[in-house]
Amino acid sequence: MTDIQPIVVAVDGSDAAATAVIWATRAAAARALPLRIVTVVHIPAFYYSEPYLAESFHEEMKETARARLDSAEVLAKRIADEQGPVEITTEQIEGKIVPTLVEVSHRADTIVLGSRGLGEVKGLLVGSVTLGLASHAHCPVAIVRGRTLDGAPPSDGPVVVGVDGSEASVRAVEVAFAEASARKATLVAVNVWSDVSVQPSLGAVPEDPQWSRIQTGEEVVLAENLAGFQERYPDVVVERVVARDRPVRVLSEYAERAQLIVVGSRGRGGFKGLLLGSTSNALMQTADCPVLIVRPDGEK
(Lines give C-alpha, C1' and ligand atoms only; values in the text may rest on other atoms or scores of the structure.)
Protein backbone atom coordinates (compact mmCIF):
# COMPACT_ATOMS: atom_id res chain seq x y z
CA MET A 1 0.00 0.00 0.00
CA THR A 2 1.39 3.41 -0.98
CA ASP A 3 1.87 5.85 1.87
CA ILE A 4 -0.24 8.98 1.61
CA GLN A 5 2.14 11.92 1.58
CA PRO A 6 0.93 15.19 3.12
CA ILE A 7 0.86 18.66 1.69
CA VAL A 8 3.49 20.53 3.70
CA VAL A 9 3.28 24.26 4.29
CA ALA A 10 6.24 26.11 5.79
CA VAL A 11 5.45 29.09 8.04
CA ASP A 12 7.56 31.88 9.52
CA GLY A 13 4.97 34.28 10.92
CA SER A 14 4.82 36.48 7.81
CA ASP A 15 1.65 37.56 6.01
CA ALA A 16 2.85 35.61 2.97
CA ALA A 17 3.06 32.45 5.08
CA ALA A 18 -0.51 32.95 6.30
CA THR A 19 -1.63 33.20 2.67
CA ALA A 20 0.25 29.97 1.97
CA VAL A 21 -1.58 28.25 4.85
CA ILE A 22 -4.94 29.25 3.35
CA TRP A 23 -3.99 27.88 -0.07
CA ALA A 24 -2.44 24.69 1.33
CA THR A 25 -5.51 23.92 3.45
CA ARG A 26 -7.82 24.37 0.48
CA ALA A 27 -5.56 22.12 -1.60
CA ALA A 28 -5.47 19.45 1.10
CA ALA A 29 -9.28 19.49 1.38
CA ALA A 30 -9.73 19.29 -2.40
CA ARG A 31 -7.31 16.38 -2.77
CA ALA A 32 -8.22 14.60 0.50
CA LEU A 33 -4.63 14.77 1.75
CA PRO A 34 -3.26 15.46 5.24
CA LEU A 35 -1.80 18.91 5.95
CA ARG A 36 1.49 19.24 7.79
CA ILE A 37 2.45 22.70 9.03
CA VAL A 38 6.16 23.10 9.76
CA THR A 39 8.46 25.84 10.96
CA VAL A 40 12.23 25.70 11.13
CA VAL A 41 14.28 27.02 14.05
CA HIS A 42 17.78 28.02 12.99
CA ILE A 43 20.38 29.28 15.47
CA PRO A 44 23.16 31.19 13.67
CA ALA A 45 26.64 29.80 14.40
CA PHE A 46 27.97 33.01 15.99
CA TYR A 47 25.52 32.66 18.89
CA TYR A 48 27.40 29.56 20.07
CA SER A 49 30.46 31.65 20.88
CA GLU A 50 28.59 32.53 24.06
CA PRO A 51 26.87 29.33 25.33
CA TYR A 52 24.56 31.16 27.74
CA LEU A 53 23.47 33.56 25.00
CA ALA A 54 22.89 30.67 22.61
CA GLU A 55 20.76 28.78 25.12
CA SER A 56 18.66 31.84 25.93
CA PHE A 57 18.21 32.67 22.25
CA HIS A 58 17.37 29.04 21.50
CA GLU A 59 14.54 28.98 24.02
CA GLU A 60 13.21 32.29 22.73
CA MET A 61 13.27 31.01 19.15
CA LYS A 62 11.45 27.83 20.14
CA GLU A 63 8.71 29.81 21.89
CA THR A 64 8.32 32.07 18.86
CA ALA A 65 8.15 29.04 16.57
CA ARG A 66 5.50 27.41 18.76
CA ALA A 67 3.42 30.58 18.60
CA ARG A 68 3.76 30.63 14.80
CA LEU A 69 2.59 27.04 14.56
CA ASP A 70 -0.34 27.65 16.89
CA SER A 71 -1.47 30.66 14.86
CA ALA A 72 -1.12 28.79 11.58
CA GLU A 73 -3.04 25.81 12.96
CA VAL A 74 -5.94 28.02 14.05
CA LEU A 75 -6.06 29.55 10.57
CA ALA A 76 -5.90 26.14 8.87
CA LYS A 77 -8.71 24.75 11.03
CA ARG A 78 -10.88 27.75 10.18
CA ILE A 79 -10.33 27.19 6.46
CA ALA A 80 -10.90 23.46 6.85
CA ASP A 81 -14.25 24.16 8.53
CA GLU A 82 -15.26 25.97 5.33
CA GLN A 83 -13.71 23.57 2.80
CA GLY A 84 -14.10 20.12 4.33
CA PRO A 85 -12.31 17.88 6.83
CA VAL A 86 -8.50 17.99 6.80
CA GLU A 87 -6.12 16.09 9.08
CA ILE A 88 -3.77 18.80 10.40
CA THR A 89 -0.47 18.27 12.22
CA THR A 90 2.27 20.73 13.20
CA GLU A 91 6.00 20.27 13.69
CA GLN A 92 8.90 22.41 14.83
CA ILE A 93 12.24 21.39 13.29
CA GLU A 94 15.74 22.63 14.09
CA GLY A 95 18.34 23.21 11.39
CA LYS A 96 19.28 25.43 8.48
CA ILE A 97 16.08 26.44 6.74
CA VAL A 98 16.59 25.45 3.10
CA PRO A 99 18.46 22.13 3.67
CA THR A 100 15.92 21.18 6.34
CA LEU A 101 12.94 21.83 4.07
CA VAL A 102 14.64 20.02 1.19
CA GLU A 103 14.92 16.99 3.47
CA VAL A 104 11.24 17.36 4.42
CA SER A 105 10.35 17.38 0.72
CA HIS A 106 11.37 13.70 0.47
CA ARG A 107 8.22 12.88 2.44
CA ALA A 108 5.79 15.42 0.97
CA ASP A 109 3.29 15.43 -1.86
CA THR A 110 3.82 19.17 -2.30
CA ILE A 111 5.64 21.88 -0.35
CA VAL A 112 3.80 25.21 -0.12
CA LEU A 113 5.53 28.53 0.55
CA GLY A 114 4.65 32.18 0.61
CA SER A 115 6.35 34.32 -2.00
CA ARG A 116 8.54 36.08 0.57
CA GLY A 117 9.09 35.58 4.29
CA LEU A 118 10.10 37.64 7.28
CA GLY A 119 13.48 39.29 7.11
CA GLU A 120 13.66 39.33 3.31
CA VAL A 121 14.82 42.46 1.53
CA LYS A 122 11.72 44.50 0.75
CA GLY A 123 12.50 44.98 -2.93
CA LEU A 124 12.80 41.26 -3.62
CA LEU A 125 9.80 39.66 -5.32
CA VAL A 126 10.69 36.16 -4.16
CA GLY A 127 12.57 35.28 -0.98
CA SER A 128 15.79 33.27 -0.78
CA VAL A 129 14.07 30.33 0.97
CA THR A 130 11.39 30.13 -1.73
CA LEU A 131 13.99 30.26 -4.49
CA GLY A 132 16.14 27.65 -2.75
CA LEU A 133 13.23 25.22 -2.34
CA ALA A 134 12.01 25.71 -5.89
CA SER A 135 15.51 24.81 -7.10
CA HIS A 136 16.23 21.80 -4.87
CA ALA A 137 13.03 20.23 -3.50
CA HIS A 138 12.22 16.58 -4.29
CA CYS A 139 8.50 17.25 -4.76
CA PRO A 140 6.44 19.94 -6.48
CA VAL A 141 6.75 23.38 -4.88
CA ALA A 142 3.82 25.81 -4.76
CA ILE A 143 4.66 29.50 -4.48
CA VAL A 144 1.49 31.21 -3.34
CA ARG A 145 0.81 34.56 -4.92
CA GLY A 146 -2.41 36.59 -5.11
CA ARG A 147 -3.79 39.32 -7.34
CA THR A 148 -6.02 41.24 -4.91
CA LEU A 149 -5.05 43.97 -2.45
CA ASP A 150 -5.31 41.58 0.50
CA GLY A 151 -3.00 39.09 -1.25
CA ALA A 152 -5.54 36.25 -0.96
CA PRO A 153 -4.89 33.45 -3.47
CA PRO A 154 -7.63 33.02 -6.10
CA SER A 155 -9.97 30.06 -5.68
CA ASP A 156 -11.66 30.09 -9.08
CA GLY A 157 -10.61 30.14 -12.71
CA PRO A 158 -8.81 27.49 -14.75
CA VAL A 159 -5.66 25.55 -13.98
CA VAL A 160 -3.07 26.47 -16.63
CA VAL A 161 -0.14 24.22 -17.55
CA GLY A 162 2.83 25.11 -19.71
CA VAL A 163 3.68 22.37 -22.21
CA ASP A 164 6.85 22.17 -24.30
CA GLY A 165 7.65 18.46 -24.58
CA SER A 166 10.50 18.51 -22.05
CA GLU A 167 10.81 15.85 -19.35
CA ALA A 168 9.77 18.33 -16.66
CA SER A 169 6.81 19.43 -18.77
CA VAL A 170 5.51 15.85 -19.09
CA ARG A 171 5.47 15.54 -15.30
CA ALA A 172 3.87 19.00 -15.00
CA VAL A 173 1.00 17.89 -17.27
CA GLU A 174 0.34 14.90 -15.04
CA VAL A 175 0.27 17.08 -11.92
CA ALA A 176 -1.90 19.71 -13.63
CA PHE A 177 -4.55 17.14 -14.60
CA ALA A 178 -4.72 15.92 -10.99
CA GLU A 179 -5.03 19.51 -9.71
CA ALA A 180 -7.74 20.41 -12.24
CA SER A 181 -9.72 17.26 -11.40
CA ALA A 182 -9.53 17.92 -7.65
CA ARG A 183 -10.58 21.56 -8.10
CA LYS A 184 -13.29 20.76 -10.71
CA ALA A 185 -11.59 23.31 -12.93
CA THR A 186 -10.97 23.59 -16.65
CA LEU A 187 -7.40 22.78 -17.68
CA VAL A 188 -5.80 25.15 -20.17
CA ALA A 189 -2.80 23.46 -21.81
CA VAL A 190 -0.52 26.07 -23.38
CA ASN A 191 2.31 25.42 -25.81
CA VAL A 192 4.14 28.58 -26.77
CA TRP A 193 6.73 28.48 -29.53
CA SER A 194 9.16 31.10 -30.69
CA ASP A 195 11.52 30.83 -33.65
CA VAL A 196 13.79 33.70 -34.60
CA SER A 197 13.79 32.49 -38.21
CA VAL A 198 10.09 33.35 -38.51
CA GLN A 199 9.76 37.07 -37.92
CA PRO A 200 6.87 39.28 -39.10
CA SER A 201 9.36 42.08 -39.62
CA LEU A 202 11.04 39.95 -42.29
CA GLY A 203 7.79 39.35 -44.12
CA ALA A 204 6.70 36.09 -42.46
CA VAL A 205 3.00 35.89 -41.69
CA PRO A 206 0.77 33.12 -40.31
CA GLU A 207 0.02 32.06 -43.88
CA ASP A 208 3.73 31.54 -44.58
CA PRO A 209 4.54 27.82 -45.14
CA GLN A 210 7.39 27.89 -42.62
CA TRP A 211 5.18 29.46 -39.95
CA SER A 212 2.42 26.95 -40.68
CA ARG A 213 4.85 24.03 -40.51
CA ILE A 214 6.14 25.04 -37.08
CA GLN A 215 2.63 25.71 -35.80
CA THR A 216 1.47 22.26 -36.92
CA GLY A 217 4.50 20.62 -35.31
CA GLU A 218 3.82 22.33 -31.98
CA GLU A 219 0.18 21.27 -32.10
CA VAL A 220 1.44 17.69 -32.43
CA VAL A 221 3.76 18.19 -29.44
CA LEU A 222 0.82 19.41 -27.37
CA ALA A 223 -1.42 16.51 -28.43
CA GLU A 224 1.29 13.95 -27.66
CA ASN A 225 1.87 15.42 -24.19
CA LEU A 226 -1.84 15.29 -23.36
CA ALA A 227 -2.32 11.76 -24.73
CA GLY A 228 -3.47 9.31 -22.08
CA PHE A 229 -4.23 11.88 -19.40
CA GLN A 230 -7.61 12.85 -20.84
CA GLU A 231 -8.64 9.20 -20.65
CA ARG A 232 -7.39 9.00 -17.06
CA TYR A 233 -9.21 12.20 -16.10
CA PRO A 234 -12.43 12.18 -18.18
CA ASP A 235 -13.97 14.77 -15.85
CA VAL A 236 -11.43 17.43 -16.84
CA VAL A 237 -12.38 19.77 -19.68
CA VAL A 238 -9.22 20.66 -21.63
CA GLU A 239 -8.66 23.82 -23.66
CA ARG A 240 -5.65 23.61 -25.98
CA VAL A 241 -3.66 26.72 -26.87
CA VAL A 242 -0.72 26.89 -29.28
CA ALA A 243 0.76 30.36 -29.73
CA ARG A 244 3.85 31.99 -31.15
CA ASP A 245 5.25 34.33 -28.51
CA ARG A 246 7.44 34.26 -25.44
CA PRO A 247 6.24 31.63 -22.90
CA VAL A 248 6.45 34.01 -19.92
CA ARG A 249 4.31 36.64 -21.62
CA VAL A 250 1.53 34.23 -22.62
CA LEU A 251 1.48 32.34 -19.30
CA SER A 252 1.50 35.62 -17.36
CA GLU A 253 -1.59 36.74 -19.28
CA TYR A 254 -3.37 33.52 -18.36
CA ALA A 255 -2.28 33.96 -14.73
CA GLU A 256 -4.49 37.05 -14.56
CA ARG A 257 -7.57 34.81 -14.59
CA ALA A 258 -6.20 31.42 -13.47
CA GLN A 259 -6.34 29.90 -10.01
CA LEU A 260 -3.07 28.00 -10.57
CA ILE A 261 -0.21 27.91 -13.06
CA VAL A 262 1.73 24.63 -13.35
CA VAL A 263 5.14 24.59 -15.05
CA GLY A 264 8.13 22.30 -15.27
CA SER A 265 11.25 23.39 -13.45
CA ARG A 266 13.20 23.71 -16.68
CA GLY A 267 11.98 23.62 -20.29
CA ARG A 268 13.49 22.20 -23.43
CA GLY A 269 15.41 25.41 -24.07
CA GLY A 270 17.04 25.55 -20.63
CA PHE A 271 20.71 24.86 -20.02
CA LYS A 272 21.18 21.42 -18.49
CA GLY A 273 23.10 22.75 -15.48
CA LEU A 274 20.36 25.18 -14.49
CA LEU A 275 18.09 24.11 -11.64
CA LEU A 276 15.36 26.53 -12.70
CA GLY A 277 14.57 27.68 -16.21
CA SER A 278 13.86 31.27 -17.17
CA THR A 279 10.10 30.70 -17.52
CA SER A 280 9.56 29.06 -14.13
CA ASN A 281 11.85 31.60 -12.47
CA ALA A 282 10.01 34.57 -14.01
CA LEU A 283 6.54 33.23 -13.19
CA MET A 284 7.32 32.57 -9.54
CA GLN A 285 8.44 36.19 -9.28
CA THR A 286 5.59 37.95 -11.09
CA ALA A 287 2.53 35.75 -11.74
CA ASP A 288 -0.85 36.94 -10.48
CA CYS A 289 -1.77 33.52 -9.09
CA PRO A 290 -0.03 30.62 -7.28
CA VAL A 291 2.67 28.86 -9.30
CA LEU A 292 3.36 25.14 -8.95
CA ILE A 293 6.86 24.18 -10.08
CA VAL A 294 7.33 20.51 -10.95
CA ARG A 295 10.64 18.71 -11.38
CA PRO A 296 11.03 15.55 -13.48
CA ASP A 297 10.74 12.24 -11.65
CA GLY A 298 14.10 11.22 -10.29
CA GLU A 299 15.71 14.65 -10.64
CA LYS A 300 17.57 15.76 -7.52
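1. Which residue's side chain has a polar atom 2.9 Å from the backbone oxygen of G114? The residue is T130: a polar atom of the T130 side chain lies 2.9 Å from that backbone oxygen. A polar contact here is a pair of N or O atoms within 3.5 Å; within protein, one must be able to donate a hydrogen and the other to accept it, and residues adjacent in sequence count only if both atoms are side-chain atoms.

2. Basis of the note. This is a predicted model, in which local features need pLDDT of at least 70 and side-chain atom pairs count only at pLDDT 80 or more, while totals for chains, interfaces and linings use all residues. Residues are numbered from 1 along each chain as its sequence is written, and side-chain values use heavy atoms, with hydrogens and water left out.

3. Overall make-up. The protein has 9 helices and 10 strands; helices (H or I, at least four residues) and strands (E, at least two) are DSSP runs, numbered from the N terminus. Of its 300 residues, 47% count as buried. Buried means under 20% relative accessible area, exposed means over 50%, and partly exposed is in between (1.4 Å probe, protein chains only). Among the contacts with a separation of 6 or more, 76% are between residues 24 or more positions apart; contact means heavy atoms within 4.5 Å.

4. Partners of strand 4. Two strands pair if DSSP finds at least two bridges between them. Strand 1 (residues 7-10) runs parallel to strand 4 and is joined to it by 3 bridges; within this pair, V9 stands opposite V112. Strand 5 (residues 141-144) is also parallel to strand 4, with 4 bridges between them, and here G114 stands opposite V144.

5. T130 and helix 4. T130 belongs to helix 4 and is buried, at 4% relative accessibility. Leaving aside neighbours within four places in sequence, T130 is in contact with L113, G114, S115, I143 and M284. Helix 4 spans residues 128-136, and its buried residues include G132, L133, A134 and S135 as well as T130. The cover over these buried residues includes helix 3 (97-104), strand 4, strand 5, helix 9 (278-286) and strand 10 (291-294).

6. Nonpolar cores. A nonpolar core is a set of buried Ala, Val, Leu, Ile, Met, Phe, Trp, Tyr and Cys residues joined through side-chain atoms within 4.5 Å. The largest one has 47 residues, and L35 and V262 have the most contacts inside it. Helix 1 (residues 15-31) gives the most to this core, with 8 residues. At least three residues of the core come from each of domain 1 (7-144) and domain 2 (159-290); the domain bounds come from an automatic or database domain assignment. A second, separate core has 35 residues, including A134, A137, V141 and M284.

7. V262 and V173. Leaving aside neighbours within four places in sequence, V262 is in contact with V159, V160, V161, G162, A172, V175, A176, L292 and V294. V173 lies in helix 5 (residues 167-183) and is buried, at 0% relative accessibility. V173 and V262 are 89 residues apart in sequence, and their C-alpha atoms are 7.8 Å apart in space. With neighbours within four places in sequence again left aside, the contacts of V173 are V161, V163, N225, L226 and F229.

8. Q230. Is Q230 buried or partly exposed? At 28% relative accessibility, Q230 counts as partly exposed. Q230 sits in helix 7 (residues 229-232) and touches F177, V238 and R240, not counting residues up to four places away in sequence. The side chains of Q230 and R240 are joined by a polar contact of 3.0 Å. Q230 and F177 are 53 residues apart along the chain, with their C-alpha atoms separated by 8.2 Å.

9. Cysteines. The structure holds 0 disulfides, a disulfide being a pair of cysteine sulfur atoms within 2.5 Å. C139 is buried, with a relative accessible area of 6%, and C289 is buried at 0% relative accessibility.
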